[in-house]
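Open the model in your viewer and keep a selection panel at hand. The tour below goes stop by stop.

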Amino acid sequence: MQGSFSEIVLSFLLIACVANVGRCELFTSMAHLQTALYAERDIAVTLKNYVENEEERLRKIKRLAEDLEAHSIKALEKPDYYLANPVNAFLFVKRFTLDWSKNVDHLLKNDSSESMRRYVEYYRQDLPTYEDLQGSAAALMRLQDTYKLDTSKIAEGTLGGVQSTQLTAAECFELGRFAYIAEDFYHTALWMWQALKLESDEVNKTMERTEILDYLAYALAMKGNVKTALIFTEELLTLEPNHERATNNKRYYEKMLKDKEASEYARGEDGKTLDMDPVENDYRRSHEFQSYEALCRGEQIMEIKNNHKLACRYRTRNNPLLLMMPAKEEDVFLDPWIVMYHDVMSDSEINAVKGLATPKLNRATVQNSKTGELEVATYRISKSAWLKQDEDPVVAKINARMQAITGLSMDTAEELQVANYGLGGHYEPHFDFARKEEKDAFKSLGTGNRIATFLFYMSDVAAGGATVFPYIGVKLFPKKGTAAFWYNLYKNGEGIYNTRHAACPVLVGIKWVSNKWIHERGQEFRRPCGLYAEE
């Protein structure tokens, strides 16, 4: 009877798992990735209990369980601190993808362990997939580019004061291979070069040098560094003379170098240099993108206009909600008008909003400018949820506060959107309002264009994660409990193009925000005539 009961329970859990299949893409949300730490703990407990019954026969499984248990206990002491380091997160994802298939699957495939394996597979629904592994690898490279991080420093695991395990040659190789699959030969070369240096220093080798040389040489050749590619290919053939691909590549590289035009791309006096152009497409070369990344790094790209006129004030608008506790308003920019509000959301409200949103988090979408349909995009990495006015008193309270502060009606505004950013989570430069050519945008809402944006910061971020405006040089760094506000439209309904903004990649930390997009309908007699009007 006992065995039958457990089978019934397991069947129920598996049905629940199927119903929960939408919880994928863990890398796009730190909140969901953090739940995977608990799943890791549950797997450790399951495996350990099983091993206790068959300890002698399954010694290897027991060691695996203890390793998982030790890792989860350490990580769960400070899960936010642990996952804040993207290298930790990458290694965590890798543990349950590449490492799992290589080192674990064959240990579990036997008749006596079938029931236990099914329990483990159930827990694995909350663990990373290969898609997460690809996403986390791409995130590390995005952070590397945006913040100009040295490959060796990332490999050492020192990012923003949060230390991780150092990467091995094999792990650097895997990062390079993901870049290779994406035909990103710049990052392929960087990570293969790092893998090669680590392989030289490793006593217990984790990677074959010949395999690293093969990828490194090809990536360098694809980036025009043929001379160095030939040197590494010759080294490969010294180690493995019968390597067919290397033999063919050697002839090809020699032919390229004999050609005068191709030889102009050979770089470096000693022949061993990674002098390459990191930019892969025209947009990344654009002034907008370069300004965006510079602002993300905290650089000042231009003088703030009328900086001497910026001021702080208490905002009441004679609204009863603000008379006893006025809003603390600080000018950030005057034209377009951008302000910050301080101490505008309490810790208890933040915790309540996060609690309501977490079960609903789904991959954040963008609106297709041609079709008006919502779709996921690589330039927006986060998960979001929408909270209705009547969902909880705290949501209604926050909406009422925004209405009191701005003087704008929330009746036609969109629901409160809550977003949690994942590994290297970002949102590249975009407009919040619909441009003239985007005729179908917000058509289904029937409330007109987005007149204004109110953005709450619900967490501190140790490094990165700023909101930046590339065309006016403004950068807003997240501070828990603050909020930013700006108008997207002029009073005549035309879009304010200088409000084009972006969310910088999160380098270290976990970023939570919530925002309200306020629409035109209902604001006809509400928008103040002057920037500082109290009525």
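This is a predicted model: local features need pLDDT of at least 70, side-chain atom pairs count only at pLDDT 80 or more; totals for chains, interfaces and linings use all residues.

**Stop 1: helix H5.** Select residues 86-95, which form helix H5. How many of its residues are buried? The count is 10 of 10, so by the cut-off of under 20% relative accessible area, H5 is mostly covered. Pick out Phe 90, Leu 91 and Phe 92, which are among the buried residues. Now step back to Asn 85. Asn 85 caps the N-terminal end of H5. Draw a distance from its side-chain oxygen to the backbone nitrogen of Val 87: it reads 2.8 Å.

**Stop 2: helix H12.** Select residues 185-201, helix H12. H12 is mostly covered, with 12 of its 17 residues buried. Among them are Phe 185, Tyr 186, Leu 190, Trp 191 and Met 192. Glu 199 is also buried. What covers these residues? Show helices H9 (130-146), H10 (151-156), H11 (169-181), H13 (209-222) and H14 (226-239), which are included in the cover.

**Stop 3: the nonpolar cores.** Which residues touch the most other members of the largest nonpolar core? Select Leu 47, Phe 456 and Phe 485, out of 128 residues in that core. Helix H2 (residues 30-53) supplies the largest share of the core, 11 residues. Centre on Phe 485. Beyond its sequence neighbours up to four places away, Phe 485 touches residues including Trp 337, Val 339, Tyr 341, Leu 408, Phe 454 and Ile 518. Another core lies apart from the largest one. This other core has 19 residues, among them Val 332, Ile 338, Val 461 and Trp 486. As background, nonpolar side chains tend to be buried together in soluble globular proteins.

**Stop 4: the cavity.** Switch to a cavity display. The structure holds one cavity of 30 Å³ or more. The largest cavity has about 210 Å³ of space. Of its 19 lining residues, Tyr 421, Tyr 427, His 430, Leu 455 and His 501 are the closest to its centre. Colour strands S10, S11 (427-430), S12 (450-457), S17 (501-503) and S19 (512-519): each supplies at least two residues of the lining.

**Stop 5: Glu 414.** Find the loop between helix H21 (393-406) and strand S10 (416-421); Glu 414 is there. Is Glu 414 buried or exposed? Its relative accessible area is 12%, which is under 20%, so Glu 414 is buried. Its side chain makes a polar contact with the side chain of Arg 450, at 2.7 Å. Show its other surroundings too: leaving aside neighbours within four places, its contacts include Trp 386, Phe 442, Lys 516, Trp 517 and His 519.

**Stop 6: backbone exceptions.** Most residues other than glycine have a negative phi, and most peptide bonds are trans.

- Asp 335 to Pro 336: the peptide bond is cis, with omega near 5 degrees. Pro 336 is in the loop between strands S4 (327-334) and S5 (337-342).
- Lys 148: phi is positive, about 50 degrees. Lys 148 is in the loop between H9 and H10. With a relative accessible area of 62%, Lys 148 is exposed.
- Asn 318: phi is near 55 degrees, again positive. Asn 318 is in the loop between strand S3 (312-315) and helix H19 (320-323).

Methods: Residues are numbered from 1 along each chain as its sequence is written. Side-chain values use heavy atoms; hydrogens and water are left out. Buried means under 20% relative accessible area, exposed over 50%, partly exposed in between (1.4 Å probe, protein chains only). Helices (H or I, at least four residues) and strands (E, at least two) are DSSP runs, numbered from the N terminus. A polar contact is a pair of N or O atoms within 3.5 Å; within protein, one must be able to donate a hydrogen and the other to accept it, and residues adjacent in sequence count only if both atoms are side-chain atoms. A nonpolar core is a set of buried Ala, Val, Leu, Ile, Met, Phe, Trp, Tyr and Cys residues joined through side-chain atoms within 4.5 Å. Contact means heavy atoms within 4.5 Å. The expected span of a helix is 1.5 Å times one less than its number of residues. On a 1 Å grid over the protein atoms alone, a cavity is a set of points where a 1.4 Å probe fits but cannot get out, and a pocket is an open set with protein on both sides within 12 Å along at least five of seven lines; lining residues have an atom within 4 Å of a point. Grid points are joined across faces, edges and corners, and a volume is the space filled by probe spheres set on the points.
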